[in-house]
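Take a walk through this two-part explanation with the model open beside you. We begin with confidence, then turn to the fold.

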Amino acid sequence: MIANLTGEIVTRRAVSATVIALLAGCLCPARAQTSSKERIKAFAKLPDWSGIWELDAFVGQSDGQQFSAEGQRRLKEYAAALRPSFSPEYQAKYDEIRKKVEDAIAADPAHPPVTHQPLCVAPPFPATSSPGMFEWRVTPEETTFISTVGAVRHIYTDGRSHPPKDELWPTLMGDSIGHWEGETLVVDTIATRKRLYMGELSGFFVPMSDQLHFTERIRMVNHDQMQIEYTVEDSVALTKPIHVTITHVRVTDFNRMIEETDCEENERDPVVNGRITTIAH
Amino acid sequence: MKRAVAALVGISMLLIASSALAHHSRAMFDQTKQVTLVGTVKEFQWTNPHCWIQVLVPDTKNPQAEPVEWGIEMGAPVELMRKGWKPGSLNPGDKVSIVINPLRDGQHGGLVVSVTGPDGRVIVRPAEVTE
């Protein structure tokens, strides 16, 4: 069950045995009768990632309008690290898409074109780590990432492999498996939609190949910071992997995870003929 | 010079999708311009994906004319709540002064920059970002 739980044993803080036992029973009733003690021990080895988190660059941006000066600085750092080195074939694809978006903006600057409908689905992995607030649910069998903008990632840590190729298809979050190296969760993700989001112009996706593959190393640096090291590989679309380390910080001004991606309630920026068309009243 | 989110979208981001991916671009607002509206709240919409203020603005040059309704787009409710807003922060009839970035298409609408509420308190003042 916990074959991949290796490394030093770290006592999980502020979690009583009673709570753990309840969790064991609630989350996995089928095994609670036979292995609850083992499961409690497995929980005790896991790091405590409880709390609510957000991308460091977004701190102070919670009005939804403007980034702080520090936020801008961090975003520029991230952007520089994230710039892909496309192969000639994929550079041509990127150039073509970007030109189309540029031309569409020039034709009607008041109504930005969108290439990524629908707008209100969850951000696809790896864009899951940017907008909104996040929670982590760490169990021996799975770590779950939940965001307020609708993204839920299931990272299986029970020792399984990715499914065979004939059982995989591209999804928003892809297929993620992980293992623990001490307090670091190492995640391997495949089978995402074969594309990467570019934040340029009004935003657009660039296609990638079926070799697109992500690795993450996720750890808590201190009580208020988590660090995620991403490696993005695609031997067909990229001439070299993309490496970036981003920081999530603990949210201290809010204590609830509230869904905020519900465009059906009052969507006044609908997409009409591929363009955002604001309804002032 | 005030700079807004749009200043950042010229950068390749990949992981850092910005709010544009979760919601949408703000390029329909002219973020190089600011307009101040002084009027009366008609409706405060505490809704997803954005909150809106509908405000009636009298024509100061022609007080006899019907006031013009403007629609002011804000952030999502949870974003505003983290800034101290609540669903009852504004009510119909409240006198407000609102600074906006206007819509480019000429409609009476815009993106909120700041709001001075009926008690004179500034209830939104996003951080000024200099470049």
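pLDDT is the predictor's confidence in each residue, on a scale from 0 to 100. For chain A it averages 83, and 84% of the residues score at least 70. Residues 1-32 of chain A fall below 50, yet this stretch has 45 contacts in the model beyond near neighbours in sequence. Two residues are in contact if their C-beta atoms, placed from the backbone, lie within 7 Å. Where pLDDT is low, the predicted coordinates should not be read in detail.

This is a predicted model, in which local features need pLDDT of at least 70 and side-chain atom pairs count only at pLDDT 80 or more, while totals for chains, interfaces and linings use all residues. Residues are numbered from 1 along each chain as its sequence is written, and chains are lettered from A and ligands numbered from 1 in the order in which they are written.

Chain B averages a pLDDT of 78, with 75% of the residues at 70 or above. Its confidence is lowest in helix H1 (residues 18-22) of chain B, with a mean of 47, and highest in strand E2 (residues 52-57) of chain B, at 97. Residues 126-131 of chain B stay under 50. For the complex, the predictor gives an ipTM of 0.76 and a pTM of 0.82.

Now the fold of chain A. It has five helices and 14 strands. These are DSSP runs numbered from the N terminus: helices are H or I with at least four residues, strands are E with at least two. Of contacts between residues at least 6 apart in sequence, 53% join residues at least 24 apart.

Buried residues make up 35% of the 281 residues in chain A. A residue is buried if 20 or more other C-beta atoms lie within 10 Å of its own, exposed if 12 or fewer, and partly exposed in between; C-beta atoms are placed from the backbone.

Which residues of H3(A) are buried? They are Gly71(A), Gln72(A), Arg74(A), Leu75(A), Tyr78(A), Ala79(A) and Leu82(A). Seen down the helix axis, they fall within an arc of 165°, so they line one face of H3(A). The arc is taken over the directions from the helix axis to the C-beta atoms. Strand E12 (242-250) of chain A is included in what covers them. The face turned away from the buried side carries exposed Arg73(A) and Ala80(A).
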